[in-house]
Amino acid sequence: MTDRRRHHDMGGLPDSEPVPTREHLFEPWEKRVDAIKALLSDDKRNLLTTDEMRRGIEDLGADAYERYNYYERWISSITNTLLQKKVFTVDELGRKMAEIEARQEDKPL
Amino acid sequence: MNQRHEHAMYDVDPLHHHPPQADLEDTRLTHHQVMQMAVAELLIEKNIVSADELRAQIDFMDTITPARGAALVARAWTDAGFKDRLVADSKAAAAEIGLDIGPIPILVMENTAKIHNLIVCTLCSCYPRFLLGIPPDWYKSRSYRRRAINEPRKVLAEFGTEIGHEVELRVHDSTADMRYMVLPMRPQGTGAMDEAALAELVTRDCMVGVALPRP
């Protein structure tokens with residue numbers, strides 16, 4: 001029988017890896033992603049539902065889903081949803097990211 | 001937002017401990033970190049969120065710890081009526097002690113001598129965040145999501161938790177619309193302990209079901 005599940009739907013699939021019990025404290029950028037998600041979802045803004053967030057993660061495709069870590073998937077989904085809702089444009093995002101990259105270039109190594 | 005003045009990731013595994021590494025703070029931002037900063041700055045420029053709101057939200061998240069879930073468990077251990085109300089309607093019961101369980105319903109699953117409960121989210125990472133905080137890495141890991149539902153005893157053994165075969169193991173798969181928290185059994189030998197001392201025994205992992213409280 002063909003398994004027609006999507007990639008994220010992995011419950012019960014064979015896996016011989018032990019559960020990785022090592023933990024890390026959340027990095028500031030991860031907390032900021034979490035905070036952005038919470039604020040966009042609140043009653044004041046109502047710009048991102050849990051289901052929109054899920055859909056964005058599930059639509060990343062198997063390859064990106066595996067390559068990205070957890071909060072990388074989150075910020076990708078948040079960003080795609082905000083683009084779709086025209087909160088900002090691809091151009092604005094591209095310019096802003098280039099600006100942030102350029103600020104980094106100025107950093108002494 | 002200045003990435004360089006904040007602490008980089010560090011390891012909390014007690015057997016393999018590294019101090020925070022200052023030099024890591026100066027490593028270059030990843031593509032996704034740049035994306036996060038860009039999104040935050042655009043949202044601030046467009047007056048959708050303010051920098052103060054972002055900071056306040058992060059501060060708020062830092063106050064949401066497993067101590068909230070533990071307070072509910074300790075109250076349930078010392079007040080049978082409260083336990084019944086907690087299992088029947090966790091939102092109303094939590095409100096009795098001034099706790100908000102958040103917008104998504106949480107079912108509290110009671111462990112007994114005959115039933116042990118375990119929670120997972122096979123689809124992603126749904127978790128009773130308002131009671132336990134941000135889910136740990138292993139909860140979101142591929143192997144936990146895959147294995148918790150078909151070989152839960154083996155998974156529990158990896159956490160050092162042995163559940164006798166006479167005990168029925170129930171695994172609850174969380175969704176975006178329904179989350180679960182485990183109400184562990186009060187350990188024997190804790191008869192003299194008060195509610196505050198009992199709450200100290202209740203760890204996050206006990207409320208996910210991968211561990212048992214120890215007196």
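I started with a helix pair: the axes of α1(A) and helix α2 (residues 51-63) of chain B come within 9 Å and cross at roughly 105 degrees. Axes here are lines fitted to C-alpha atoms, for helices over the stretch in contact, with angles from 0 to 180 degrees between N-to-C directions. α1(A) and α2(B) are therefore roughly perpendicular to each other (65 to 115 degrees counts as that). Helices are DSSP runs (H or I, at least four residues), numbered from the N terminus.

Ground rules, for the record: this is a predicted model, where local features need pLDDT of at least 70 and side-chain atom pairs count only at pLDDT 80 or more, while totals for chains, interfaces and linings use all residues. Residues are numbered from 1 along each chain as written, chains are lettered from A and ligands numbered from 1 in written order, and side-chain values use heavy atoms, without hydrogens and water.

Next I looked up who meets whom in that crossing. On the α1(A) side I noted residues including A:Arg32, A:Ile36 and A:Leu39, and on the α2(B) side residues including B:Leu54, B:Ile58 and B:Met61. The residues of this contact divide into 7 nonpolar, 1 polar and 5 charged (Ala, Val, Leu, Ile, Met, Phe, Trp, Tyr, Cys and Pro are nonpolar; Asp, Glu, Lys and Arg charged; the others, Gly among them, polar).

Then I zoomed out to the whole interface. I found 62 residues of chain A in contact with 65 of chain B (heavy atoms within 4.5 Å). The buried area is about 6200 Å², with 61% from carbon and sulfur atoms (accessible area, 1.4 Å probe, lost on putting the two parts together, summed over both). A:Val19, A:Glu23 and A:Arg32 supply 12% of what chain A buries against chain B, more than any other three residues.

Last, I checked charges. The rule finds 11 salt bridges across the interface of chain A and chain B (side-chain nitrogen of Lys or Arg within 4 Å of a carboxyl oxygen of Asp or Glu). I logged B:Glu45 with A:Lys96, closest N and O atoms 2.4 Å apart. I also logged A:Glu66 with B:Arg142 at 2.2 Å, N to O. A:Glu66 lies in helix α3 of chain A and B:Arg142 in helix α7 (residues 142-147) of chain B, so this pair joins two chains.

Terms used: Angles under 35 degrees count as roughly parallel, over 145 as roughly antiparallel, 65 to 115 as roughly perpendicular and the rest as oblique.
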